[in-house]
Amino acid sequence: MSDPDKTVAVIGAGPVGLAAAAHALERGLRPIVLEGGACAGHAVRQWAHVRMFSPWGYNIDKAAERLLREAGWNEPDPERYPTGGELAEQYLEPLAARTALGPHIRTHVRVISVVRAGLDKVKTAGRDKAPFEIRYVNGAGAESVRADAVIDASGTWFQPNPAGANGVEAIGEADNAARIAYGMPDVLGGARQRYAGRTVAVLGSGHSAIGTVIDLKRLQEDAPETQVVWLLRGDNPEKAFGGGAADQLAARGELGLAFAGIVRSGGVRVEPGFRLTHVSEAGGRLRLGAGPACCGRHVLADELIVATGFRPDLSFLREMRIELDPALECPRLLAPLIDPNLHSCGTVRPHGARELAQPEPGLYLAGMKSYGRAPTFLMKTGYEQVRSIVAAIAGDRAAAERVELVLPETGVCGGAALGSGSATASACCGGPAPTDPSACCKADEEAKAVGNAGCGCSS
Ligand SMILES: Cc1cc2nc3c(=O)[nH]c(=O)nc-3n(C[C@H](O)[C@H](O)[C@H](O)COP(=O)(O)OP(=O)(O)OC[C@H]3O[C@@H](n4cnc5c(N)ncnc54)[C@H](O)[C@@H]3O)c2cc1C
């Protein structure tokens, strides 16, 4: 099925984009990777200081590994947990620079539109025969490249969610931007001076928020004046503690355990049910308000760190026929598997080309971007996605449909908090993709198949 004339444009040279290119190369297709940053792993390098919760063994794609081995790579210890920086230096960089992938990667190239050559979105006739045309800017003006298929693996890192609880910026958020950071600033490294000795409010309840609170507590050991206020929108802080000892990714479980210890010992001020609406300046500090500007609940802090997740940039897909879940902004078929409203499992069943295809034939969303606004993406899931997508592009339907991955479980399912995961709950997720789209996971499907209510994931 080798077809060197078949071109696959991959948007983004993150772990998933590079894996897609490695699979394409292995199948005899011609990948063109378009990366907006100066080098591969540009987004990962922004969180270089963060220790990953998945060990090396989970973070390396199989096709990429084969390319690296050919190039004489020193494989890292699969049991070790790299930082984002180590992932970039010891895996992404050699993959991009020292393997056969190198000539296929263009950096400093930011994609600004994807179209069907000569056709706008409304035109149907001839659409499936027209090549994709990907326009990009590279500092010297706009240029374009044509491709037979497009895998959009551009991630979400550069589109953090705003602080406002209703999904838009809180009133005054932009005006006070100088005291607000998004994502996971390096509070123990480059950003230490900014936060040492200050009262820092951390908004969010995912891994980034938890990790930041833990780091700020470490900073407090050196700078005892540092105070931490944890603002969470939900009412139950325990939900953020995760699967603890039941988490098959031990580091992720330990992070939750460490955080639970800090919260339960009163080490941080906790403000549950805090739905931020206003940010203003008050006496040289930030006044963070939840409710009416004049007189609602509020917290005073010197700095705010917003760790409320990310959202996809859909702007350059404007002329593509895409179908996304209205809430999650992810491919429609993927939504029931990852919807945090329905499905509290951190584990998501493996999926591929079938779930990720779009009405525009040949266009796929993959990697972190494919999850839209859902928070549970694992790199390993992305590697399985692109293995299947590239197989579909190459015309190997059997391989595209096959599931070659079993994912680790969090041990929290159906809302069980740390320490309360029952045997049923912890066995809820993982396993190959069920075929019943109403089932949230393998155990759910099996339970429904014999007439039971399901495993409880979606309750
Ligand atoms: C702090 C943090 C820790 C994480 N830890 C783990 C972990 O331990 N284990 C795990 O499995 N997952 C983890 N993840 C989740 C996820 O696996 C990573 O975010 C991973 O980097 C996603 O890979 P990706 O290739 O989909 O996207 P990214 O790594 O975000 O790569 C996307 C690339 O696309 C480029 N790009 C963006 N827009 C454009 C454009 N318009 N044109 C051209 N290029 C563009 C970006 O510069 C970037 O290089 C973590 C995420 C974060 C944020």
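The model is predicted, with local features requiring a pLDDT of at least 70 and side-chain atom pairs a pLDDT of 80 or more, while totals for chains, interfaces and linings use all residues. Residues are numbered from 1 along each chain as its sequence is written, and side-chain values use heavy atoms, with hydrogens and water left out.

The protein contains 13 helices and 16 strands; helices (H or I, at least four residues) and strands (E, at least two) are DSSP runs, numbered from the N terminus. Of its 459 residues, 53% are buried, where buried means under 20% relative accessible area, exposed means over 50%, and partly exposed lies in between (1.4 Å probe, protein chains only). Contact denotes heavy atoms within 4.5 Å. Among the contacts with a separation of 6 or more, 68% are between residues 24 or more positions apart. The protein exposes about 19,200 Å², of which carbon and sulfur atoms supply 50%; accessible areas come from the Shrake-Rupley method with a 1.4 Å probe, and for residues only the protein chains shown count as cover.

The ligand is surrounded by 30 residues, the closest being Glu35, Phe53, Ser54, Met368 and Met379. A residue is taken to be near a molecule or strand if one of its heavy atoms lies within 4 Å of it. By class, this shell comprises 19 nonpolar, nine polar and two charged residues. In this scheme Ala, Val, Leu, Ile, Met, Phe, Trp, Tyr, Cys and Pro count as nonpolar, Asp, Glu, Lys and Arg as charged, and the others, Gly among them, as polar. A backbone N or O atom of Gly36 lies 2.9 Å from a nitrogen atom of the ligand. An oxygen atom of the ligand is 3.5 Å from a polar backbone atom of Ser154, and an oxygen atom of the ligand is 2.8 Å from a polar backbone atom of Met368. On its own the ligand has 980 Å² of accessible area, and the protein covers 93% of this. Two or more residues of the shell are given by α1 (15-26) and by β4 (110-116); the largest share, three residues, comes from α1.

Helix α7 spans residues 250-264 and has 15 residues. The distance from its first C-alpha to its last is 21 Å, close to the 21 Å expected at 1.5 Å a residue; the expected span is 1.5 Å times one less than the number of residues. The buried residues of α7 are Ala251, Arg252, Gly253, Gly256, Phe259, Ala260, Ile262 and Val263. Their cover includes α6 (207-222), β10 (227-231) and β11 (269-271). Just after α7, Gly266 adopts a positive phi of about 80°.

Thr199 belongs to strand β9 (residues 199-203) and counts as buried because its relative accessible area is 14%. Leaving out residues up to four places away in sequence, Thr199 touches Gln227, Val229, Arg285, Leu300, Ala301, Asp302 and Glu303. The side chains of Thr199 and Arg285 are joined by a polar contact of 3.3 Å. A polar contact is a pair of N or O atoms within 3.5 Å; within protein, one must be able to donate a hydrogen and the other to accept it, and residues adjacent in sequence count only if both atoms are side-chain atoms.

Glu355 lies in helix α9 (residues 353-356) and is buried, with a relative accessibility of 7%. Apart from neighbours within four places in sequence, Glu355 is in contact with Pro331, Leu333 and Leu334. Glu355 and Leu333 are 22 residues apart along the chain, yet their C-alpha atoms are separated by 5.1 Å. A polar atom of the Glu355 side chain lies 3.0 Å from the backbone nitrogen of Gly352, and a polar contact of 3.3 Å joins the side chains of Glu355 and Arg354.

His108, with a phi of about 60°, is placed in the loop between β3 (105-106) and β4 and is partly exposed at 48% relative accessibility. Glu329 likewise has a positive phi of about 60°. Glu329 is found in the loop between β15 (303-306) and α8 (335-338), and its relative accessibility of 21% makes it partly exposed.
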